[in-house]
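Dear colleague,

Please find below the structure that I am handing over to you, with its sequence. My notes on what was found in it follow directly after.

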Amino acid sequence: GVNTFQRVTPSQLRSMTGRKGKPAWSSWQGKVYNITPYLPFHPGGEAELMKAAGRDGTKLFMDVHPWVNWENMMTTCLVGVMVPENHGTA
Ligand code: HEM
């Protein structure tokens, strides 16, 4: 369908933890991804990937596997881009 590219604030990202019926989002270099659909496929397991839920996953990711290409693998899970707190749409 039509992709709605969202502006996501830090507080909105923090609320997307994968709990209470919401998907888990994680940011990577300023872009926001829905990691929920990828959870069953993550070679490192769901629990490891969920450590990045609701937060910037860049450092966790780079500490473990800097050779993996997050952007390429997660293209279809792109939600939008991080913006400062008072610039969001939510
Ligand atoms: C393994 C993808 C996030 C922890 C892997 C592998 C891929 C992958 C492709 C296999 C790498 C290889 O064998 O060379 C991703 C993607 C992520 C993500 C696309 C983000 C959307 C994370 C995060 C953590 C993590 C945030 C830790 C907090 C691990 C671990 C392994 C692994 C520990 C090694 C599993 C093993 O070898 O037994 N991940 N990962 N990953 N990942 Fe991730």
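**Ser 27 and its surroundings**

Leaving aside neighbours within four places in sequence, Ser 27 is in contact (heavy atoms within 4.5 Å) with Leu 13, Val 32, Arg 55, Asp 56, Gly 57, Thr 58, Trp 70 and Met 82. Please note that this is a predicted model, in which local features need pLDDT of at least 70 and side-chain atom pairs count only at pLDDT 80 or more, while totals for chains, interfaces and linings use all residues. Residues are numbered from 1 along each chain as its sequence is written, and side-chain values use heavy atoms, with hydrogens and water left out.

Ser 27 lies in strand β2, residues 25-28. Helices (H or I, at least four residues) and strands (E, at least two) are DSSP runs, numbered from the N terminus. Ser 27 counts as buried because its relative accessibility is 3%; buried means under 20% relative accessible area, exposed over 50%, and partly exposed in between, with a 1.4 Å probe and protein chains only.

**The sheet**

Five strands form an open sheet in the order β1-β5-β3-β2-β4, with mixed pairing. Its edge strands are β1 (6-8) and β4 (55-56), each of which pairs on one side only. Two strands pair if DSSP finds at least two bridges between them. Strands of a sheet pair through backbone hydrogen bonds, either parallel or antiparallel.

β2 and β3 pair in the antiparallel sense over four bridges, and Ser 26 has Tyr 33 in β3 as its bridge partner. These two strands, β2 and β3, form a hairpin with two residues between them, and Gln 29 in the turn has a positive phi of about 50°. β3 also pairs with strand β5 (residues 78-82), in the antiparallel sense and over three bridges. In β5, Gly 80 is the bridge partner of Val 32, and Val 81 is that of Lys 31.

**The iron site**

The iron atom of the ligand has His 42 (NE2) and His 65 (NE2) as its protein donors, at 1.9 to 2.1 Å. Donors are N, O and S atoms within 2.8 Å of the metal (3.2 Å for Na, K and Ca); water is not among the atoms, so sites may look incomplete. The two histidines link distant parts of the chain, 23 residues apart: His 42 is in the loop between β3 (31-34) and α2 (46-50), and His 65 is in the loop between α3 (58-64) and α4 (70-73). Both His 42 and His 65 are buried.

**Aromatic pairs**

A search of the whole structure finds four aromatic pairs. Rings of Phe, Tyr and Trp (its six-membered ring) pair if their centres lie within 6.5 Å; planes under 30 degrees apart count as stacked, over 60 as edge-to-face and the rest as tilted. The pair of Trp 28 and Trp 70 is stacked, because the ring centres are 5.1 Å apart and the planes are at 10°. Trp 28 in strand β2 and Trp 70 in helix α4 are 42 residues apart, so that pair links distant parts of the chain. Both Trp 28 and Trp 70 are buried. Ring pairs link Trp 28, Tyr 33, Phe 61 and Trp 70 into a cluster.

**Met 73**

Met 73 is placed in helix α4 and is partly exposed, with a relative accessible area of 44%. Leaving aside neighbours within four places in sequence, Met 73 is in contact with Tyr 38 and Val 68.

With kind regards
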